[in-house]
Amino acid sequence: MLEKSQELLEKIRHKFAHVDSCPFEGKRIFFENAGGALTLKSVVDTSARFAAIPDNQGRDNPASHALVAIINKSKADMRVLFNATQGQFFVGESGTELLFRLIRNAIIGAPSGGHVLGSTLEHPASRSAARQWADFASRPYVNVLHNSETGSVDDVDYAALVTPETRVATILHTSPVTGMGVELAAISKAIRSVAPDCFIIVDGIQHAAHGLLDVESYGVDGYVISPYKMFSRHGYGVAWVSDRLTDLPHEMLRDGPADTWELGTRDTGAYATMSDVVDYLDWLGSEVSGSDDKRARIVAAGQAIKAHEKILTDAMLYGKDNLKGVSELDGIEIVGGIDNHRREGLISLRLKDMASADLVTALRNHNIRAHVRKDDHYSGNILTPMGWSDCVRISMCHYNSLAEVASFLTAFEEITKSA
């Protein structure tokens, strides 16, 4: 959809810093978005502006009152972005830290007995937290095996192992290694149909930039994102928590408000940059729809993003004009297969005759930024069952163009011929 209007795509690209060049390397195509998306220029400006403000929240002066108002506005904006009618938002050190915290509190606070349920698809941010705190609480950890052929996990996989004794469950919304999403609402429904009081915590870090967020439809208790992967900056994470999770004992200052999750003074600029993200998606939605409702515009933006990224991944897989797609080249293997409706802006592959690290270097020599994944603690859960030691992750976002994909395909075919 976005590619059909070159003018709109150029407007989009103009809103991001370093969209086509690296401040250290010069001109390059950025296909490393799963490692961290490009940053909105408005986020850069907002971060600098708030970094200079010496005041804190909670004081009786105009600056302090203004900071509190900005935080409250950001939380209201996030409520629209996530479509969350209840619960609350707060920021923390990172998405990983927040996942550890929510999972820890769910496992420690859940009724005694029972077990913790998770899947092999998950990033170690949730998987490590669940296993560590399940051990601490003497609750068995039950492992749902993902499907290596699809690069995902389905509701039937969870349904086979959930029992009335499932106290806490973790779900990865989209894999940063396979690039495949899951049917989150269906998995949550499968869990709650057997264990209605189970606490469900979701890692939405990879998914957030590539599709809609709709907490209201998920039926979960916690959803975490890392804003640097959603057009904001490093240095903080965002968590949404349900009221029932808040009602569990959780870390708080002694004699402080019982419903507070924040510990210490937060960076107002972090909250403000989330408003920048929401404002950007609101603007994009206004460009692709005529709605006068903010949530509807954000939904329209998400739909346009998803449609555009499918055009990009299809072109990379199947080719464009006279250029061959990666699926048409000899010696190429693709994680999750070729025709996979779960794919969200990401293709992981390997070239049989070239080490993945060397392929990343070869792409960099063609001014294309990609990333290697290895069978380590980050990606071994995906690669080891496939018998792979590594792969190359090519990750796109909606500000990437078909012209950039064409440049990649030209370079990639040249590289494969010389391998």
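Tutor: Welcome! This is a predicted model, in which local features need pLDDT of at least 70, side-chain atom pairs count only at pLDDT 80 or more, and totals for chains, interfaces and linings use all residues. Residues are numbered from 1 along each chain as its sequence is written, and side-chain values use heavy atoms, with hydrogens and water left out.

Student: In what order do the four strands of the open sheet lie?

Tutor: Strands here are DSSP runs of E, at least two residues long, numbered from the N terminus. Two of them pair if DSSP finds at least two bridges between them. In this open sheet the pairing is antiparallel, and the order is 11-12-15-14.

Student: Which are the edge strands?

Tutor: An edge strand pairs on one side only. That applies to strand 11 (332–334) and strand 14 (371–374).

Student: Is Val19 buried or exposed?

Tutor: Val19 sits in the loop between helix 1 (6–14) and strand 1 (21–22). Buried means under 20% relative accessible area, exposed over 50%, and partly exposed in between, with a 1.4 Å probe and protein chains only. Because its relative accessibility is 13%, Val19 counts as buried.

Student: Which residues is Val19 in contact with, leaving aside its neighbours within four places in sequence?

Tutor: Contact means heavy atoms within 4.5 Å. With those neighbours left aside, the partners of Val19 are Arg13, Arg28, Leu38 and Glu404.
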